Amino acid sequence: MSEIENGHGLKRRREAITGLGDALRLLIEQATATEAPTEELLRAAELIRRAAAPLGERVRGRFETAAADDLLGGVRLYNPVTGAGSAFAPPLEIHRDGDGAVGTCTLGRAFEGPPSFAHGGVSAMLLDQMLGYAAGAAGHPGMTVRLDTGYRRPVPLYTPLRLTARVAGIDGRRVTVTGTITTAAEPGDVLVEATGVFVALRAEQARRLFGPVLG
Ligand SMILES: CCCCCCCCCC(=O)SCCNC(=O)CCNC(=O)[C@H](O)C(C)(C)COP(=O)(O)OP(=O)(O)OC[C@H]1O[C@@H](n2cnc3c(N)ncnc32)[C@H](O)[C@@H]1OP(=O)(O)O
């Protein structure tokens, strides 16, 4: 895409994608929490359909990477957990912390399972990403083959959360990673814990699975 060939164009596009992601997340939050009159819902649906139409005029196919992404550099703006451009992502922000990783996010209404608490599948999704990040950051990237989650206490909505992950063991192609979710205010009180097993792909597997994307 010629408009982003120079660095300035790429920066501007990434900012625009983040801005669109922010707007979509606001929309999802308001649309999930709303008790506005029915007429307002009907009007909003029409407006949203109209706003979506031009975005659909140029789209990428399943095996095409977003022009603003950098797969090998780890930039994935539409990742459903961390992507600033994803309407679906909280988004979870992750950074390295010593030999592990720490993440932060706050979950809104759209992630609700039991009333006023997060859906258990959402907690598993956040932890899968955390554990996978920690495996990669430790130099052992792989795909999840197993994820065990223990739900000790419900995860509250609208509450800053803190997630942790660290590699617990490496055995050939298998990396075992453990992680937790707590509130940011009470990092000693574990709400959810997880243990994941990640398997490094053999070169032939990586080619088979991701060849069409990487070219
Ligand atoms: C910085 C970037 C951050 C990125 C974070 C990403 C986080 C998100 C990660 C994901 O969500 S990945 C998507 C979900 N995962 C998948 O779709 C993976 C589906 N599984 C596969 O495609 C295959 O299992 C795979 C290609 C990964 C491996 O296939 P193999 O045929 O090579 O596996 P194989 O059966 O030979 O097992 C390899 C090793 O793993 C072990 N293993 C397999 N399944 C296991 C399991 N369920 N539990 C424990 N160990 C297991 C297996 O015993 C064996 O150990 P050994 O080498 O010691 O013999």
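**Loops and backbone angles**

User: In which loop is the place of Ser116?

Analyst: The model is predicted: local features need pLDDT of at least 70, side-chain atom pairs count only at pLDDT 80 or more, and totals for chains, interfaces and linings use all residues. Residues are numbered from 1 along each chain as its sequence is written. Helices (H or I, at least four residues) and strands (E, at least two) are DSSP runs, numbered from the N terminus. In that numbering, Ser116 belongs to the loop between strand 2 and helix 3.

User: Does Ser116 count as buried or exposed?

Analyst: A residue is buried if 20 or more other C-beta atoms, placed from the backbone, lie within 10 Å of its own, exposed if 12 or fewer, and partly exposed in between. Because Ser116 has 11 C-beta neighbours inside 10 Å, this residue counts as exposed.

User: What is the phi of Ser116 near?

Analyst: Most residues other than glycine have a negative phi, and most peptide bonds are trans. Ser116 is a residue other than glycine with a positive phi, near 75°.

User: Where is the place of Tyr158, and what is its phi near?

Analyst: Tyr158 counts as exposed because it has 9 C-beta neighbours inside 10 Å. The residue is in the loop between strand 3 and strand 4.

User: What is the peptide bond from Pro90 to Pro91, and what is its omega near?

Analyst: Pro91 is in the loop between helix 2 (38–55) and strand 1. The bond from Pro90 to Pro91 is cis, with omega near -15°.

**Fold and sheet**

User: In what order do the elements of the chain run from the N terminus on?

Analyst: There are 4 helices and 6 strands in the chain. Taken from the N terminus, they run α-α-β-β-α-β-β-β-β-α.

User: What is the order of the open sheet of 6 strands?

Analyst: Two strands pair if DSSP finds at least two bridges between them. Pairing in this sheet is antiparallel, and the order is 1-2-4-5-6-3.

User: Which are the edge strands?

Analyst: An edge strand here pairs on one side only. The sheet is open, with 6 strands. Those at its edges are strand 1 and strand 3.

User: Which residue of strand 2 is the bridge partner of His95?

Analyst: Strand 1 (residues 93–97) and strand 2 (residues 100–105) run antiparallel and are joined by 5 bridges. Their hairpin has 2 residues between the strands, and Gly98 there takes a positive phi near 60°. The partner of His95 is Val102.

User: Which residue of strand 5 is the bridge partner of Leu163?

Analyst: Strand 4 (residues 161–171) and strand 5 (residues 174–183) are antiparallel and share 10 bridges. This hairpin has 2 residues between the strands, with Gly172 at a positive phi near 65°. Gly169 is bridged to Thr176. Leu163 is bridged to Ile181.

User: Which residue in strand 6 stands opposite Val177?

Analyst: Strand 5 and strand 6 are antiparallel and pair over 8 bridges. Opposite Val177 stands Gly196.

**Ligand shell and annotation**

User: Which residues around the ligand come nearest?

Analyst: A residue is near a molecule if its C-beta atom, placed from the backbone, lies within 6 Å of it. The residues around the ligand number 17, and the nearest are Gly132, Gly136, Met143, Val145 and Arg146.

User: Which helix gives the most to the shell around the ligand?

Analyst: At least two residues of the shell come from each of helix 3 (120–137), strand 3 (143–151) and strand 6 (192–199). By class, the shell has 6 nonpolar, 7 polar and 4 charged residues; Ala, Val, Leu, Ile, Met, Phe, Trp, Tyr, Cys and Pro count as nonpolar, Asp, Glu, Lys and Arg as charged, and the others, Gly among them, as polar. With 5 residues, the most comes from helix 3.

User: Which residues does the UniProt annotation "domain: Thioesterase" cover?

Analyst: UniProt positions are given in the numbering used here, feature names are shortened, and annotations may be inferred rather than shown by experiment. Over residues 117–183 the chain is 27% helix and 45% strand, with the end C-alpha atoms 12 Å apart. According to the unreviewed entry, the annotation covers residues 117–183.
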